[in-house]
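Here's a quick, friendly tour for anyone meeting this structure for the first time. Have a look at the model, then read on.

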Amino acid sequence: MRHAHDDPELLALVRRYVTPERRYLKLGGGLLSMQSPEYDRFVRRLSEDAGAITSEEIATLLEGGWRERRTAAWLIAVSRRTEFRERLGALFLASEVCCVGLAYAVAFASSGTPRDADLLVAYLDRYLRRPDLAYDQAVAMGALLYISLNLRSDHADRFLTPGGLWQQWLEGASHMQPTTAPGTYLSLIRRLCAFVDECADSARRLRP
């Protein structure tokens, strides 16, 4: 993992894309409560940066910590750079850092292909077997449900059957039960994907 404080290349990218107006903190559920004009400015600047950042710069951000990875995943989603799908899948499965899972889940859901669903399935297969780990199981399930509904596929079904891995995880992680209704996270993912779509449309309009 690269650290911005001793990596001039990464530090320059952090100052350009991650920390302006504390962007890295706003990328998540909190952006849904933004009001105009802050919201409009946030959409415009994120769209501009999604169009401006290069693939090489995104790859560098993904080598950083949670702030850099969270921002990179959102820029990937908005710019529709599906070439990073497998890289995000590997990072999600490794779960080396906190506070990034929702960004990965949104990137997969906004792309919405069977392969995105497969990567979410791999994550859930591993981490629903770990009730001791309250990681990103709920947002991964919300994203998988979102893709499954859009594709009319059965990717999520086996997790949600009575006695399946979702129920087993909740029984072992009882402290998570009040906040992990799948429908709640499906709704969150749906709203965040709508935000991504709005930014992606704005980015297309900004292209010369």
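Helices here are DSSP runs of H or I, at least four residues long, and they are numbered from the N terminus. Keep in mind that this is a predicted model.

With that in hand, let's start at Met 34, which sits in the loop between helix 2 (23-26) and helix 3 (38-52). Met 34 is buried, with a relative accessible area of 11%. Setting aside neighbours within four places in sequence, Met 34 touches Lys 26, Tyr 39 and Phe 42. Its C-alpha atom is 36 Å from that of Gln 168, a residue 134 places away along the chain.

Next, the aromatic rings. The structure has 10 aromatic pairs, and here are two of them.

| Pair | Centre to centre | Angle between planes | Type |
|---|---|---|---|
| Trp 74 and Phe 195 | 6.0 Å | 70° | edge-to-face |
| Tyr 123 and Tyr 127 | 4.6 Å | 35° | tilted |

Trp 74 in helix 5 (residues 66-79) and Phe 195 in helix 12 (residues 182-206) are 121 residues apart, so to speak a link between distant parts of the chain. Trp 74 is buried at 1% relative accessible area, and Phe 195 is buried at 2%.

Tyr 123 and Tyr 127, by contrast, both belong to helix 8, four residues apart.

The crossing is left-handed. Among the residues that meet there are Leu 120 and Tyr 123 from helix 8, and Leu 144 and Ile 147 from helix 9. By class, this contact has 13 nonpolar, one polar and one charged residues.

Methods: Residues numbered from 1 in each chain as written. Predicted model: local features only at pLDDT ≥ 70, side-chain atom pairs only at ≥ 80, totals over all residues. Heavy atoms only, no water. Left-handed = near helix turned anticlockwise from the far one by under 90°. Helix = DSSP H or I, 4+ residues; strand = E, 2+ residues; numbered from the N terminus. Contact = heavy atoms within 4.5 Å. Nonpolar A, V, L, I, M, F, W, Y, C, P; charged D, E, K, R; others polar. Buried < 20%, exposed > 50% of the residue type's maximum accessible area, 1.4 Å probe, protein only. Phe/Tyr/Trp six-rings, centres within 6.5 Å; stacked < 30°, edge-to-face > 60°.
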